[in-house]
Amino acid sequence: MFKKLGVVALSGALVFSGLSLSTTDAAKPDYAGKGKENGNNGKAENVIYMIPDGFSANYAANYRVYKGEEAIWDDHLEGMFTTYSANSDITDSAAAGTAMATGSKTNNGVVGLDPKGNELKTILEAAEEDGRSSGLVATSTITHATPASFAAHVEDRNDETEIARQLVASDVDVMLGGGKNKFLPEAQGEHQLNLLEQAKEQDFEFVETRDELMNISDLDVEDGDRLLGLFAEEALAPELLREDTEEPSLSEMTETAIDVLEEDKDGFFLVVEGSQIDWAGHDNDAAWAMSDTAAFEEAVEKAFEFAREDGKTLVVVAGDHDTGGMTTGTSGSMELNANILKNVTATGDQMAAQLNGDRSNISEVVEAHTGLRLAEQEIQSIQEADDASFAINTVISERALVGWTSTNHTGADIPLYVYGPQSHKFAGFHDNTDLPKMIAEAMKLK
Ligand SMILES: [Zn+2]
């Protein structure tokens, strides 16, 4: 018994030493009282539903080490929830998004329909019917499964051109993300619809660069003005590579969406997805996962700031499933080391693309982008790998003591963070289908 307690105490001490070592200034930030006192019992006029795709408790723990202090959401944990889909123990993002948007389970791959193909009403659509404005923000294509689940209804998540058509025809007022190609005639096959032209005819102001987004004219959503921002042909760049593009950050898109939507006196419903945490998880790319989590946290900070000022805004932060079965620590070590990922300046994919034909420059490329001097056997593992990118990610993850158990999603339970009015009502253990029901209750939606 004593021995066991000793082990617990020891590992706790190591965790804290890891945290303080990785911080230049070990002082803890002040999170006291943020938000909780703001009209906790009032109705949520506005909701910002923030989804870090693929993010689970192990991401949260590694992220704390990476950052060197608590994340902004840590103080606002209210519960956890299960994620299984109608036909699988492990969900995909379509079934998870549909559950989180409609309160009903569906099969993997299906967007906004039940397993029999019946259309499900989403909480965004219900908020629109209640007179509120709405928005979708993502770093993937805006037609990707998670954002699509809130305003489209299709049998197959891959049918992104049909999703684009439905999004343009929907009541959504603000859409910001990637996926311009899905709205252009080439992608429409025989339909030859130019959905961008159609969107402009339907009062959408259209922007394509960060500069254009930061300089949009005064839009009045109450008067029918809408905003469509598509900043890349396909997905936006990973946060690690964004500075070489003309794309806005997730927090800039979030801030602009809030600015536009808050003009609606009846309130708004905004969905913000940190889409690529999931893609990083599939690639077991720990640095990409952490840097995109940091970009997502900046967006959450914008949402919390607005909610704190406003006092009538509920912010719900919930991943849709775990990706990669990330672990916090690996066997053979009792320490955490994710803080070294802060030095990484490229994804594994990008580093692999810089290798020459015989991969004789592995140590130069990896050191240039990570600051790590590789050992002979690490170089050899990359040299001999079928997939150099994955091998680079594996070496970096091992150095960071971040483990992975899968290249797909897992069935891990997901932490639920809530800030603002009614947040205490989210306390407890839930299923993903409970989330939109609790949000609807906080909004007093029928
Ligand atoms: Zn995924």
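Helices (H or I, at least four residues) and strands (E, at least two) are DSSP runs, numbered from the N terminus.

I note that this is a predicted model, where local features need pLDDT of at least 70, side-chain atom pairs count only at pLDDT 80 or more, and totals for chains, interfaces and linings use all residues. Residues are numbered from 1 along each chain as its sequence is written, and side-chain values use heavy atoms, with hydrogens and water left out.

**Entry: strand S13**

I looked up S13 (residues 414–419) and found six of its six residues buried. Which residues sit on each side of S13? Ile414, Leu416 and Val418 lie on one side, with Pro415, Tyr417 and Tyr419 on the other, and both faces are covered. I reminded myself that side chains in a regular strand alternate between the two faces of the sheet.

Next I checked its partners, counting two strands as paired if DSSP finds at least two bridges between them. S2 (residues 77–82) runs antiparallel to S13 over four bridges, and S8 (residues 313–318) also pairs with S13 in the antiparallel sense over four bridges. Tyr417 is the bridge partner of Leu77 and also of Val317.

Asp278 and His282 are about one helical turn apart, because they are four residues apart in helix H10 (residues 276–282). Asp278 is buried at 5% relative accessibility, while His282 is partly exposed at 24%.

**Entry: helix H16**

I found seven of the ten residues of H16 (residues 434–443) buried, so this helix is largely enclosed by the rest of the structure. Among them are Leu435, Met438 and Ile439. Just after H16, Lys444 takes a positive phi of about 55°.

**Entry: positive phi in loops**

I kept in mind that most residues other than glycine have a negative phi. Asp203 has a positive phi near 70°; I traced Asp203 to the loop between helix H7 (195–201) and strand S5 (204–207), where Asp203 is partly exposed at 49%. Arg359 has a positive phi of about 55° and belongs to the loop between helix H12 (348–353) and H13. Is Arg359 buried or exposed? Arg359 counts as buried, at 19% relative accessibility.

**Entry: Ala368**

I placed Ala368 in helix H13 (residues 362–370), and Ala368 is exposed at 61% relative accessibility. Ala368 and Val344 are 24 residues apart in sequence, with their C-alpha atoms 8.8 Å apart in space.

Definitions and conventions: Buried < 20%, exposed > 50% of the residue type's maximum accessible area, 1.4 Å probe, protein only.
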